[in-house]
Every structure is written in C-alpha cells, then in structure tokens.
Amino acid sequence: VTVSFWNLPGGDEDCARYDGSKGWLWSDTNCNAKINYICQHQPKACGKPEQPPNSTMIADNFNVGATIEYSCDEGHLLVGPNTRVCLPTGFYNEFPPVCKRIECGFPADIAHGGYTLLNGTVGYLSEVLYHCNEGYKMSGRAQLICDLDERWDGPPPRCQPILCGEPPIVANGDMFLSNNITIAGTVVEYSCVSRKYKLFGPKQITCLDNGKYDKPPPICREEPRGSILPSLLPSRPATTVRSPSREKPRPF
C-alpha cells in the first residue's frame, strides 16, 4: 500500500492523500505534519497447506475460518492433529501432522495349522486369521491385529490333536489304522484272523472331531458248519458190471 500527500500551493491544509485501495481522499491532517504510517495487510485466506506424504487432506476452501481435515493411508498412523483451522492472521493454528508407517512383520507360523492375512498386508490395523488342520482343535485366539507398537496384539494360537482313544479290540480280529495316532479323521479298518470267522458289522469306523467313533466296532463270529445229510447227496446212476464172456470149448 502506498500513501502519499499532495498539498495546495501556499497552504497548510486541504491536502489530499492517496490510499492504494480507495484512491484520492481529502484529509484534515496538516499536510506538513510528520506522521508515521504502518501498512498492515488483512489476509482473507491462509493458502493451501502442505500435505504430508501418505495422507488425505479434505477442505472446502482455505479462507479464514476454514477447517482442514487429515487422514492417513492404510497401514499408517496419524501423529499430530487431525484438523487445522485458518486464523485471521493468515496462519494455521497447528503444525501439519505426520503419517507414520507401522508394520508388524509376518505372523508366526503354527504347527499343524496356518494363517490368512485378511487385508493382504502386515501394516497397522491389519488382521490375521489362524486355522488348524483337520484332526486338530485350536487353543487360543484365532484372530490378531497389528498394533501401534508394531507387534501383533497377542500370541499365536496352538493346534492340539483331537483324539478318540484306542479303537476297540475285536476278538479273533485284526485292525489297521490310517494314522499313527487316533486323531479326528483316522479310519480304523477291521478284518477277521482267518476264513473260519465272518465279519458282522461295519468294516470301517472313523474318529470324529468330537473325540468319538462314528459307529460301534464289528465282531468276528465263527461261521457254523452244517452237517451234510445223505439224502441230499446227489444220486449216482446204477452201474452194471459185466464180466468178460468165456467161449465154450468146441467138441472134437
């Protein structure tokens, strides 16, 4: 802003001053008076603020009184204020925030099981879901979240075997197990020790995930041999036995 004075010749009054925003104006001040002037700018906006990396900034405008909102991208933590306001001084009331990337690393593997990254990432607020293989049950929390301290918010679970106990022994029978231990899903197959015994009941039983077998075991029972009645024997055709004929001696 430029302020200057113009004085009529031979007079000390009726001078005009020039205001950069309003043009020439009459002034009642003595034109020869030495007055100090301060030109002060009255801002109407703060201008577009800086945007931190890995962040989103939302604002309708950047005028005085406007509010700026910040949010961080997935896997990042907002450190600092999430809003800033444009003050009449032309400055914002807060320094801009920072979006810090947080990673927990890949989750720990578990025996007899595995995990799935639900978000496909290992950053902040990522989730992991554990599962156990068939024949095992889970002990502990199945779902964990990546926390602020760059660690998963709990220890990984354990997968413990579901056991049905030893399969029932069948007298005069043998058994074959599909696994070394009777975990859920194990199939027990029975057979009799010899042909003189016949298997009655299911040939196979399976260990279920409730710790029980799905069916009772079979039995090997000796098959009775019935006597064969003579009347039931097949009849043979009569056989005629003929002796060789002798020739009579001829008379002399």
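Reader: What makes S14 and strand S15 (residues 187-192) a pair?

Author: In this predicted model, S14 and S15 are joined by 5 bridges in the antiparallel sense.

Reader: Why are strand S14 (173-177) and strand S17 (204-206) said to stand at the edges?

Author: The open sheet is formed by 3 strands in the order S14-S15-S17, with antiparallel pairing. S14 and S17 each have a single partner strand, so one side of each is left without a neighbour in the sheet. On average, neighbouring strands of this sheet are turned by 25 degrees against each other, direction ignored. In general, strands of a sheet pair through backbone hydrogen bonds, either parallel or antiparallel.

Reader: How do you know that S4 is paired with strand S5 (residues 67-72)?

Author: There are 4 bridges between S4 and S5, which run antiparallel. As at least two bridges are required, the 4 bridges of S4 and S5 meet the definition, and the two strands therefore pair. In this pairing, threonine 56 stands opposite serine 71 in S5. Strand S4 (residues 55-58) has a covered face with Ser55 and Met57, whereas Thr56 and Ile58 belong to its uncovered face.

Reader: What makes cysteine 72 and cysteine 99 a disulfide?

Author: The S to S distance of cysteine 72 and cysteine 99 is 2.1 Å. A disulfide requires sulfur atoms within 2.5 Å, so the 2.1 Å of this pair qualifies. The structure holds 6 disulfides.

Reader: Why is the disulfide of cysteine 72 and cysteine 99 called left-handed?

Author: The torsion about its S-S bond is about -90 degrees, so the disulfide of cysteine 72 and cysteine 99 is left-handed. The pair links distant parts of the chain, with cysteine 72 in strand S5 and cysteine 99 in strand S8 (residues 98-101), 27 residues apart.

Reader: Why is cysteine 99 called buried?

Author: Cysteine 99 has a relative accessible area of 10%. Buried means under 20%, so cysteine 99 counts as buried.

Reader: Which handedness has the disulfide of cysteine 104 and cysteine 146, and why?

Author: The sulfur atoms of cysteine 104 and cysteine 146 are 2.0 Å apart. The torsion about the S-S bond is about 90 degrees, so this disulfide is right-handed. The pair links distant parts of the chain, 42 residues apart: cysteine 104 lies in the loop between S8 and strand S9 (113-117), and cysteine 146 in the loop between strand S12 (143-145) and strand S13 (158-161).

Reader: How do you know that cysteine 104 counts as buried, and what relative accessibility has cysteine 146?

Author: Cysteine 104 has 13% relative accessibility, and cysteine 146 has 1%. The limit is under 20%, so cysteine 104 is buried, and so is cysteine 146.

Reader: What makes cysteine 164 and cysteine 207 a disulfide, and which handedness does the torsion give?

Author: A disulfide joins cysteine 164 to cysteine 207 at an S to S distance of 1.9 Å, which is within 2.5 Å. The torsion about the S-S bond is about 90 degrees, so the disulfide is right-handed. Cysteine 164 lies in the loop between S13 and S14, and cysteine 207 in the loop between S17 and strand S18 (219-222), so the pair ties together parts that are 43 residues apart in sequence. Both cysteine 164 and cysteine 207 are buried.

Notes
Residues numbered from 1 in each chain as written. Predicted model: local features only at pLDDT ≥ 70, side-chain atom pairs only at ≥ 80, totals over all residues. Heavy atoms only, no water. Buried < 20%, exposed > 50% of the residue type's maximum accessible area, 1.4 Å probe, protein only. Axes fitted to C-alpha atoms, helices over the stretch in contact; angles between N-to-C directions.
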